[in-house]
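Have the viewer ready as you read.

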Amino acid sequence: AAANGSSYGYGILAGQTGDASTPAIVLEGDETSVEGSFAGIALFGCVSDPTSLEMNAGTVSGWYYGIAGNGASDGVDIVVNGGRVAGLNKNDSKGIYHPQDGNLTVRGGTIEGAGGIQVIGAGAFRIEGGTIVANADEITPSIQSGDGSVEDGAALSIVSRGGGDGAGRSM
């Protein structure tokens with residue numbers, strides 16, 4: 001199965017800010033491919049009943065983010081057991097960008113981008129296996145205030161910005 005792009009540049013968009021529904025996505029099968037021009041999968045959460053993604057196989061890719069959250073929409077749980085997650089832009093991308101309060105567990109698979117994984121929010125973050133790769137051609141590190149990912153060229157980056165935008169509590 002393949003999902004390809006939406007009007008927002010997402011292969012899959014799950015949830016919305018203020019949306020009462022709580023989507024649960026499970027990706028299975030080595031031939032599964034989800035692609036988006038901006039992000040492969042974008043996840044908006046709900047704190048009382050989180051939006052969830054379980055990736056067991058396949059490929060998720062986007063130009064800037066393989067999997068991306070939104071810091072203004074907390075309540076997202078992500079588990080990567082296998083497959084490949086990729087941000088394709090060699091100078092400005094993340095495999096996984098998790099800026100919201102929620103949980104992220106990596107048990108297997110490969111996650112890659114100019115930066116591999118960047119966590120800004122709060123919740124539980126676990127690495128139990130897998131491969132995380134930063135593959136930037138060249139990065140000039142910059143830590144800007146406000147929202148958005150930080151280009152630091154790290155395979156794993158945990159950034160604290162204080163209150164708001166997914167960083168209201170501690171990781």
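A patch here is built from residues with over 30% relative accessible area and no salt bridge, and nonpolar side chains are joined within 5 Å. Keep in mind that this is a predicted model. On its surface, Ile127, Leu156 and Ile158 make up a nonpolar patch, and together they have about 260 Å² of accessible area. To find Ile127, look in strand E15, which covers residues 125–127.

Now turn to the interior. In soluble globular proteins, nonpolar side chains tend to be buried together. The largest nonpolar core in this model has 20 residues, and those touching the most other members are Leu27, Ile41, Leu43, Leu53, Ile67, Ile78 and Ile96. Strands E3, E5, E6, E9, E12 and E14 each give two or more residues to this core, with the largest share, 3 residues, coming from E9. A second, separate core holds 10 residues, including Ala39, Tyr97, Ile120 and Val159.

Leaving aside residues up to four places away in sequence, Ile78 touches Leu43, Leu53, Ile67, His98, Asn103, Leu104 and Thr105.

Finally, step back to the whole chain. Its secondary structure comes to 17 strands and 0 helices. Of its 171 residues, 46% count as buried. Among contacts with a separation of 6 or more, 64% are between residues 24 or more positions apart. The accessible surface of the chain is about 7400 Å², and carbon and sulfur atoms account for 48% of it.

How values were computed
Residues are numbered from 1 along each chain as its sequence is written. This is a predicted model: local features need pLDDT of at least 70, side-chain atom pairs count only at pLDDT 80 or more; totals for chains, interfaces and linings use all residues. Side-chain values use heavy atoms; hydrogens and water are left out. Patches are made of residues with over 30% relative accessible area and no salt bridge: like charges are joined within 9 Å, nonpolar side chains (Val, Leu, Ile, Met, Phe, Trp, Tyr) within 5 Å. Accessible areas come from the Shrake-Rupley method with a 1.4 Å probe; for residues, only the protein chains shown count as cover. A salt bridge is a side-chain nitrogen of Lys or Arg within 4 Å of a carboxyl oxygen of Asp or Glu. Helices (H or I, at least four residues) and strands (E, at least two) are DSSP runs, numbered from the N terminus. A nonpolar core is a set of buried Ala, Val, Leu, Ile, Met, Phe, Trp, Tyr and Cys residues joined through side-chain atoms within 4.5 Å. Buried means under 20% relative accessible area, exposed over 50%, partly exposed in between (1.4 Å probe, protein chains only). Contact means heavy atoms within 4.5 Å.
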